[in-house]
Amino acid sequence: MAVPSLPAGLPKPAAGQPCPCGTGRVHDSCCGPLLAGVRPAATAEELMRSRFTAHVAHDWRYLHATYRPTSRKPYVEEEDAAQIPWTRLIVHAHEPGPAADVAFVDFSAYYATEDGEQALHEKAEFVRTEGRWLYTRNVRNGPAPAKTAPKAGRNDPCPCGSGRKFKHCCGR
């Protein structure tokens, strides 16, 4: 019995082709120089995008070198590395952290399954060490919690903007 194959993901990056990271730029001038080691990522977001491209390209050595816990260890090739068919990347936010060398990137990486396209939504922490950005850990899996406006008290100004107290306006 034949095993059904997964839907196709993005093709491996090639010279002159759009970069898989979603910037709309050509791979040669986007993530290509980072994966080739020509230059380091200038921002945490740029590192995040290059790491996504490395997943598409199956460049496990680059992923190893840009992950803080393994960045100083020698790379050892794994026999059965997961080859997920990644389809697209959306970066929702790039935020500075509590220190100048810390940043957070909120993103969704999409991949194909037999059931259709699925999303990995994560907020990741990045740290700049010795001038190089490194991925350190995921801070949150899934979308950000929904923020609700605080409830207006009886004597607070009405949130509708009328200028009246809540109890004399919308609080009736």
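**View 1. Strand 1 and strand 2 run antiparallel and are joined by 9 bridges.** The model shown here and in the following views is predicted. A hairpin of 5 residues connects strand 1 to strand 2. Strand 1 covers residues 86-96, and strand 2 covers residues 102-113. Across the pair, Trp86 stands opposite Tyr111 of strand 2.

**View 2. The largest nonpolar core of the predicted model holds 27 residues.** Six residues have the most contacts inside this core: Met48, Phe52, Leu89, Val105, Phe107 and Phe126. Helix 1 (32-35), helix 2 (44-57) and helix 3 (60-65) each supply at least two core residues. So does each of strand 1 (86-96), strand 2 (102-113), strand 3 (116-129) and strand 4 (132-141). Helix 2 gives the most, with 6 residues.

**View 3. Met48 touches Leu89, Val105, Phe107 and Phe126.** Residues up to four places away in sequence are not counted here. Met48 is itself among the core residues with the most contacts inside the core.

**View 4. Arg140 sits in strand 4.** Is Arg140 buried or exposed? Arg140 counts as buried because its relative accessibility is 18%, and the limit for buried is under 20%. The Arg140 side chain makes a polar contact of 3.0 Å with the side chain of Asp106. Arg140 also touches His121, Glu122, Lys123 and Pro145. Residues up to four places away in sequence are again left out of that list.

**View 5. The whole chain comprises 3 helices and 4 strands.** Along the sequence the pattern is α-α-α-β-β-β-β. The radius of gyration is 22 Å, well over the 16 Å that the globule rule gives for 172 residues, so the protein is more spread out than a compact globule. The C-alpha trace spans about 70 × 50 × 30 Å along its principal axes. Of the 172 residues, 35% count as buried. Among contacts with a separation of 6 or more, 39% are between residues 24 or more positions apart.

**View 6. The protein surface exposes about 10,800 Å².**

Notes. Residues are numbered from 1 along each chain as its sequence is written. This is a predicted model: local features need pLDDT of at least 70, side-chain atom pairs count only at pLDDT 80 or more; totals for chains, interfaces and linings use all residues. Side-chain values use heavy atoms; hydrogens and water are left out. A nonpolar core is a set of buried Ala, Val, Leu, Ile, Met, Phe, Trp, Tyr and Cys residues joined through side-chain atoms within 4.5 Å. Buried means under 20% relative accessible area, exposed over 50%, partly exposed in between (1.4 Å probe, protein chains only). Contact means heavy atoms within 4.5 Å. A polar contact is a pair of N or O atoms within 3.5 Å; within protein, one must be able to donate a hydrogen and the other to accept it, and residues adjacent in sequence count only if both atoms are side-chain atoms. Two strands pair if DSSP finds at least two bridges between them. The radius of gyration is taken over C-alpha atoms; the globule rule is 2.2 Å times the number of residues to the power 0.38. Accessible areas come from the Shrake-Rupley method with a 1.4 Å probe; for residues, only the protein chains shown count as cover.
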